[in-house]
Amino acid sequence: MADEQQHEPHRTTTVEQGRFCAARCICGWRGPARRARSKARTDAESHMSDS
Ligand SMILES: [Zn+2]
């Protein structure tokens, strides 16, 4: 995990914001706050396939 590839234009993670969770990408994109992390992950996946 120390030497991850950096060539991907998009790489999403989910960040917690209090009781909410939002998807976030290294490109600067940020998804809406969701109550369910699974929803945030769905946002992330649609962002990834949206390029
Ligand atoms: Zn992105």
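Analyst: This is a predicted model. Start with helix α1, residues 37-48. It spans 16 Å from its first C-alpha to its last.

User: How do you know that this span of α1 is close to the expected one?

Analyst: Helix α1 has twelve residues. The expected span is 1.5 Å times one less than the number of residues. For α1 that gives 16 Å, and the helix reaches 16 Å.

User: Which residues of α1 are buried, and what makes a residue count as buried?

Analyst: Ala40, Asp43 and Ala44 are buried. A buried residue has 20 or more other C-beta atoms within 10 Å of its own.

User: Why are the buried residues of α1 said to line one face?

Analyst: Seen down the axis of α1, they fall within an arc of 100 degrees, so they line one face of the helix. In general, an α-helix has 3.6 residues a turn, so residues three or four places apart point the same way. On the other side of α1, Ser38, Glu45 and Ser46 are exposed.

User: What covers the buried residues of α1?

Analyst: The cover includes β1 and β2.

User: What makes β1 and β2 a pair?

Analyst: Pairing needs at least two bridges. Strand β1 (residues 12-17) and strand β2 (residues 20-25) have six bridges, in the antiparallel sense. Val15, for one, stands opposite Ala22 in β2. The two strands form a hairpin with two residues between them. Gly18 in that turn has a positive phi of about 65 degrees.

User: What pattern does the protein follow along the sequence?

Analyst: The pattern is β-β-α, with one helix and two strands. Of the 51 residues, 14% count as buried.

Conventions:
Residues are numbered from 1 along each chain as its sequence is written. This is a predicted model: local features need pLDDT of at least 70, side-chain atom pairs count only at pLDDT 80 or more; totals for chains, interfaces and linings use all residues. Helices (H or I, at least four residues) and strands (E, at least two) are DSSP runs, numbered from the N terminus. A residue is buried if 20 or more other C-beta atoms lie within 10 Å of its own, exposed if 12 or fewer, and partly exposed in between; C-beta atoms are placed from the backbone. The arc is that of the directions from the helix axis to the C-beta atoms. Two residues are in contact if their C-beta atoms, placed from the backbone, lie within 7 Å.
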